[in-house]
Amino acid sequence: MKTKFLLLVLISQNLFAQQAPLKLWYKQPAEHFEEAMVVGNGSQGATIFGGPKSDKIYLNDITLWSGEPVDPNMNPDAHKYLPLVREALKNEDYKKADSLMHFMQGKFSESYAPLGTMYIDFGDEKYSKYYRDLSLNDATAKVSYQNQNTTISKEYFYSFPDKAFIIKLTSSASGKLNFTIRFDSQLKHSVNIASNQVQFSGRAPIKADPSYVRNDIDPVVYLDEKGTRFYGTIFIKKMSGKLSKTDSTISVKGGTEVVLAVCMATSFNGFDKDPERESKNEKAIVNERIPLLMQKTYNNLKNRHIEDYQKYFNRVTLDLKSDMSANIPTDERLRKYATGTDDKYLETLYFQYGRYLLVSSSRTEGVPANLQGLWNPHIRPPWSSNYTMNINAEENYWLAENTNLSEMHQPFLGFIENLEKTGRITAKTFYNAHGWVCHHNSDIWAMTNPVGNFGKGDPVWANWAMGATWSSTHLWEHYLYTKDKEFLKNKAYPLMRGAAEFCLDMLVKDKNDQYVTSPGTSPENIFITDKGYKGATLYGATADLAMIRELFIDLIEATNILEGDYDFKIKLEEVLANMHPYQIGKKGNLQEWYYDWEDAEPQHRHQSHLYGLYPGTHINMTETPGLANAAKTTLEIKGDETTGWSKGWRINLWARLWDGNRAYKMYRELLRYVEPDGIRPNYQNGGGTYPNLFDAHPPFQIDGNFGGAAAVAEMLMQSTPDKIYLLPALPDAWGSGSIKGLKARGGFEMDIEWENGKLKSAKIQGKPGGETELIYKGDSKKVRVENGEIFEWKL
């Protein structure tokens, strides 16, 4: 009888695990940004604190930035210094090369701006039974609590179909809903009360310096009739109770159910359009949406939102056989997890949270998710909340294709088209080179110049020039997953070719008659020469050559598919064959520098010279085991303690090395609990996860969320254009489970199930598909599935 009861318990727990809702939940309101719940529709977002006394909600629009279209011709004489830098490097005068690089710099990027904050003041000082959650299943947030004998409930979602933020407020007892709505902003703004609306309008600065720039005079500058405008309204869609107004607020007294809607728009009309003179009419956009919203019921709006969201989110399911017997709040789960307890539910939740965040922040044409996704409360946010092109902007999209969110990749791919246009002028003025280039930082205006404020920046970060090279490989990845030949021909190939043209002009012959970049840097890292000089500028940086190799390999294959441009292909093949090869250092590591120099920081967060292993593919366990082993040694030297986004990268690297247990160890460390910055900001403690599951660099950067989610997929499946590796880095901790809906290169969708650490079955569907080889340890199976055909391989 006891055995039968235990069996029933196990069965019920297993069913509960499979059906357990994916949600973040808490027993107290948020006090800090890193505790709040975020919703978004891919263009706009809200950060919800859920307070009973005052519900503070940050509002963001991904197109609201400081500045205006960039002048890419800002330093027309910069290219004159290139021969001088190259001569200094030829003479091994690295100090002089570093000094000269300061003349090859331009302006800083602009900053992503916070639109404003709405407040719903309830005045409920005393409350009990507080609860709030964010459901990943339907992208809806909820808050509830008791005030005396009345339950106050709130529900929030941000609709993509209806372009609005919707809030439903309910009182369990009739007539007990009392609140006041107000709006504020850190930007220059005004508020107007009209009928049942709080209308707000304002303007972003024409300049907002990065937070790390010491400028006590004019870090934030406004100019009349300059910069991006915004307009919005908070209006009562469904009313009960009595409405009253002041000159800046509207209040409801004695209500039972009230539905609020927030509509916002900006004047941004494209990276190359003046947001004042060539702008969109933000007021007209909002005013057109309001009557359409009024025609729909709350349930209709919610159903449209959920249907739209779930068609993307529901494509992938992960089941790690979670034990749901401990149903505890998310912040408590994180703290408990940090003590070493198992929590497969939390590990699953983090993976799916990454996918949720991408759907919620990346659905705007030509405007990708930035360093903070689209949720930013600061007028001078960390690192300007910009596009950091030496890893972070690309890491945001590592999960787009393999976790079946290809549509969310489009904003970044479209952004590359914008970069190409300014990047051609930058290539000519800074290097007198062909093709196009992008450097360390960019922004909504597609800025491509080296940053540094015209000579004030350190070349170690300001002058890195491989942004076009790295980002262009995303175009090829999109083709590999979708097999969209028209995209390859008309969009991807021309952009990739332009990036390669710039690379060709950056290559020179070294003393061994091999091609190296000159000048070059390795992102944000510093070498120590044999003479003791600490510097950044050199020739033949391994990271440069790794990215160029990957791009050239991709382009050569693209010419075969498109059956053309053979002269260019021959040139690429010649250069590739004569490129300075990878070097293995005296420690057995993959050298980061042309010479076997020491690193100023051996445990530095960047590992750009390992690009060929991940996200590149030309270093791998099967074809280049020696280089893969050298990469492993490099990672061992660096150790595991690093920032959030860097942990995300290293987990992927360990997965590519087929070391699932090391990857899992670091995945656990990525989920290490970090206190909100408002409590104890400590930037020396390394990365981890805040209470709301935001990645802690620290401070918050969303790239770690995306990199960590991508790594889970990479642990469970890896692919090339003609091979799919099943469970290549399965950790011992994930003994049994399944994942459904992952995408593989070659245009395939995969369902994988395993039991007791061994593959049980793999189902492959052609989307559009073709021929591939399924590989699991020593077993393999060649299959052809096309246009929806399905094949199941059982072991």
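Modeller: A crossing is called left-handed if the near helix is turned anticlockwise from the far one by less than a right angle, and right-handed if clockwise. In that sense H10 passes H12 in a left-handed crossing.

Colleague: On what kind of model does this rest, and how are residues numbered?

Modeller: This is a predicted model, in which local features need pLDDT of at least 70, side-chain atom pairs count only at pLDDT 80 or more, and totals for chains, interfaces and linings use all residues. Residues are numbered from 1 along each chain as its sequence is written, and side-chain values use heavy atoms, with hydrogens and water left out.

Colleague: Which residues make the contact of H10 with H12?

Modeller: Gln-410, Phe-412, Leu-413 and Ile-416 of H10 meet Ser-471, His-474, Leu-475 and His-478 of H12, contact being heavy atoms within 4.5 Å. These residues divide into four nonpolar, four polar and no charged; Ala, Val, Leu, Ile, Met, Phe, Trp, Tyr, Cys and Pro count as nonpolar, Asp, Glu, Lys and Arg as charged, and the others, Gly among them, as polar.

Colleague: What makes H13 and H14 oblique?

Modeller: Helix H13 (residues 485–506) and helix H14 (residues 542–562) pack at about 140°, their axes 10 Å apart. H13 and H14 are therefore oblique to each other. H13 passes H14 in a left-handed crossing. Among the contact residues are Tyr-493, Met-496 and Arg-497 in H13, and Phe-552, Asp-554 and Leu-555 in H14. The contact of H13 with H14 comprises 14 nonpolar, one polar and four charged residues.

Colleague: Why does Asp-443 count as buried?

Modeller: Buried means under 20% relative accessible area, exposed over 50%, partly exposed in between (1.4 Å probe, protein chains only). Asp-443 has 1% relative accessibility and therefore counts as buried. Asp-443 lies in the loop between strand S21 (441–442) and helix H11 (459–462). Leaving aside neighbours within four places in sequence, Asp-443 is in contact with Trp-65, Ser-109, Glu-110, Tyr-387 and Phe-415.

Colleague: What makes strand S31 mostly covered?

Modeller: Seven of the eight residues of S31 (residues 737–744) are buried.

Colleague: How do you know that S31 pairs with S19 and S32?

Modeller: Two strands pair if DSSP finds at least two bridges between them. Three bridges join strand S19 (residues 317–319) to S31 in an antiparallel arrangement, with Leu-318 opposite Ile-739. Seven bridges join S31 to strand S32 (residues 748–755), also running antiparallel, and Gly-737 stands opposite Trp-754. The hairpin of S31 and S32 has three residues between the strands, and Gly-746 takes a positive phi near 100° there.

Colleague: What makes S29 and S35 edge strands?

Modeller: Strand S29 (717–720) and strand S35 (779–786) each pair on one side only. Four strands form this open sheet in the order S29-S30-S34-S35, with mixed pairing, and the twist averages 20° from one strand to the next. Strand S30 (residues 723–726) and strand S34 (residues 769–776) pair in the parallel sense over three bridges. Helix H19 (residues 703–716) lies across S29 and S30, at about 80° to S29.

Notes: Axes are lines fitted to C-alpha atoms, for helices over the stretch in contact, and angles run from 0 to 180 degrees between N-to-C directions. Helices (H or I, at least four residues) and strands (E, at least two) are DSSP runs, numbered from the N terminus. Angles under 35 degrees count as roughly parallel, over 145 as roughly antiparallel, 65 to 115 as roughly perpendicular and the rest as oblique.
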